[in-house]
Amino acid sequence: MENTGQIAIAKVQTPDGVVSYAGEAQIDGVPGRAAPVSLTFQDTAGSSCGALLPTGNAVDVIEGIEVTMIDNGMPCVVMRAADLGITGQEAPEDLEADTILRKKLEKVRLACGTPMNLGDVSKKTVPKMTLVSTAQHGGAISTRTFIPHRCHKTIGVLGAVSVATACLIEGTPAYDLAQTGHGHERKISVEHPTGEMTVVATLNESGAVAETAILRTMRKLMDGEVFV
């Protein structure tokens, strides 16, 4: 991955040695169904902050609010929506219109820059600010994400990976809210305003997240000839 220098492995269907674009895989925000592509991310922990939990803590208190500062491919600050006086189910445009909420989030974001080893983040788009609440549509966790000041209608791929990882770390604000299931492999459905994104987390013997993957889709966009 160009931005971080980390490796992502894409598993593409190639029956009889030929790429297949046909399939029934579907992801929110992309029309139709197509061939599934599994993306596995390697060595993403601490890619920007130097460690999965840059402060060494599952939870820190910043501006009076419990937060998890985490980086599993994307620096994120994860906090309970209820701790900021909202349900976490509001529409993005309503959250953006809440100037008190936005000012409070920005104070927390700026205060998290140094402990996350990101320095002065006043002119940066990281860390992403993710408010979590209990899932409403059968998923693992519900999210509302500010990047950095606008509440997005979805969630980024690596942002979802970082949030899903926080759901699996005991003591984080997300841990008690999340429905993470059991076993060596966990499918963490991260709900967002327009759907969900499923992160597949593989745990090691100690119960820590060792590897993460997400589902994408693939279809042919163009077929033609170029004459040189």
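This is a predicted model: local features need pLDDT of at least 70, side-chain atom pairs count only at pLDDT 80 or more; totals for chains, interfaces and linings use all residues.

Start by colouring the strands. There are 10 of them in an open sheet, and you can walk across in the order β1-β2-β10-β9-β8-β7-β6-β5-β4-β3, with mixed pairing. At the edges you find β1 and β3 (60-62); each has a single partner strand, so one side of each has no neighbour in the sheet. Look along the sheet and you'll see neighbouring strands turned against each other by 35° on average, ignoring direction.

Zoom in on β3 and β4 (residues 65-71), which pair in the antiparallel sense over 3 bridges. Pick Val61 and look across to β4: its bridge partner there is Glu66.

**The helix on the sheet.** Now select α3, residues 157-167. This helix packs on the sheet and touches β2, β4, β5 (75-80), β6 (128-133), β7 (141-146), β8 (185-192), β9 (195-203) and β10. Compare directions while you're there: α3 makes about 145° with β10.

**Inside β10.** Stay with β10, which covers residues 209-218, and select Thr212. Is Thr212 buried or exposed? At 3% relative accessibility, Thr212 counts as buried. Show its surroundings and, leaving out residues up to four places away in sequence, you'll see that Thr212 touches Leu39, Thr40, Phe41, Asn72, Val161, Thr165, Val199, Val200 and Ala201.

**A loop residue.** Next, jump to the loop between β1 (7-11) and β2 (35-42), where Ile27 sits. Ile27 is buried too, with a relative accessible area of 12%. Its contacts, apart from neighbours within four places in sequence, are Leu215, Arg216 and Thr217. Draw a C-alpha to C-alpha distance from Ile27 to Gln6: they are 24 Å apart in space and 21 residues apart in sequence.

**Helix α2.** Last stop: select residues 99-113, the 15 residues of α2. From first C-alpha to last, α2 reaches 21 Å, close to the 21 Å expected at 1.5 Å a residue. Highlight its buried residues: Leu101, Leu105, Glu106, Val108, Arg109, Cys112 and Gly113. They cover an arc of only 165° around the axis, which puts them on the same side of α2. What do they pack against? Their partners are β3, β4, β5, α1 (92-96), β6 and β7.

Key: Residues are numbered from 1 along each chain as its sequence is written. Side-chain values use heavy atoms; hydrogens and water are left out. Helices (H or I, at least four residues) and strands (E, at least two) are DSSP runs, numbered from the N terminus. Buried means under 20% relative accessible area, exposed over 50%, partly exposed in between (1.4 Å probe, protein chains only). Contact means heavy atoms within 4.5 Å. Two strands pair if DSSP finds at least two bridges between them. Axes are lines fitted to C-alpha atoms, for helices over the stretch in contact, and angles run from 0 to 180 degrees between N-to-C directions. The expected span of a helix is 1.5 Å times one less than its number of residues. The arc is that of the directions from the helix axis to the C-beta atoms.
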